[in-house]
Amino acid sequence: MSEHNQMEQDELWMIHALSLADKAQQMGEVPVGAVIVLDNQIIGEGYNRSITNHDPCGHAEIMAIQSAAQYIDNYRILNATIYVTLEPCAMCAGAIVHARMKRAVFGASDSKTGCAGSILNLLQHDKLNHQVELERGVLSELCSGKISQFFKGRRAEIKAVKLAQREAQEKLKNN
């Protein structure tokens, strides 16, 4: 596949991952989506469900990896590509390596927990027994914008709750 065609494919699948991130956001989750593709077909997908499922492992990548492994009936997801809207954390990067995926493509970098190059790169660590091809920054503005807007909204909600609580306390004091 030519480099131009690969870039178009990467963007197409990232758009699908963004639609999965929307599902997470509708549930009140951090909007992260992931899709796993093999031979130009979706074999697994997921979106964040940590809050909903009370599960620290409920990340989009883990959900997608579990879905793909069930679909192909194998814990090794060879020759597949995972597309994720946010740079994988240590847990997710480790799962991608253990699944022996060929490629990982992500949109937004994560300077706090990103383990695909931001704070370290587990996907290509030379001491691990498998390295994953990596493509960073696909549709990064859309991906990072979605997450930024989510947290901006969450901060506004928290601020509104605190203000309402203060007003209620003032009302009680004055009565």
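I looked up where H3 and H4 touch: Glu61, Ile62 and Ile65 in H3 meet Met91, Cys92, Ala95 and Ile96 in H4. Contact here means heavy atoms within 4.5 Å. By class, I noted six nonpolar, no polar and one charged residues in the contact of H3 with H4. Ala, Val, Leu, Ile, Met, Phe, Trp, Tyr, Cys and Pro count as nonpolar, Asp, Glu, Lys and Arg as charged, and the others, Gly among them, as polar.

This is a predicted model, in which local features need pLDDT of at least 70, side-chain atom pairs count only at pLDDT 80 or more, and totals for chains, interfaces and linings use all residues. Residues are numbered from 1 along each chain as its sequence is written, and side-chain values use heavy atoms, with hydrogens and water left out.

Next I checked the geometry of the pair. The axes of H3 (residues 60-72) and H4 (residues 90-98) come within 9 Å and cross at roughly 25 degrees. That makes H3 roughly parallel to H4 (angles under 35 degrees count as roughly parallel). Axes are lines fitted to C-alpha atoms, for helices over the stretch in contact, and angles run from 0 to 180 degrees between N-to-C directions. Helices (H or I, at least four residues) and strands (E, at least two) are DSSP runs, numbered from the N terminus.

I looked up the largest nonpolar core, which has 49 residues. Such a core is a set of buried Ala, Val, Leu, Ile, Met, Phe, Trp, Tyr and Cys residues joined through side-chain atoms within 4.5 Å. Ile65 and Leu123 are among those with the most contacts inside it. H3 gives the largest share of this core, seven residues. Leaving aside neighbours within four places in sequence, I found leucine 123 in contact with residues including Ala93, Ile96 and Val97.

Last, I looked for positive phi values. Histidine 54, in the loop between H2 (50-53) and H3, has phi near 50 degrees. Aspartate 73, in the loop between H3 and S3 (81-86), has phi near 60 degrees. Histidine 54 is exposed (over 50%), with a relative accessible area of 74%, and aspartate 73 is exposed at 71%.

Notes: Parallel < 35°, antiparallel > 145°, perpendicular 65-115°, else oblique. Buried < 20%, exposed > 50% of the residue type's maximum accessible area, 1.4 Å probe, protein only.
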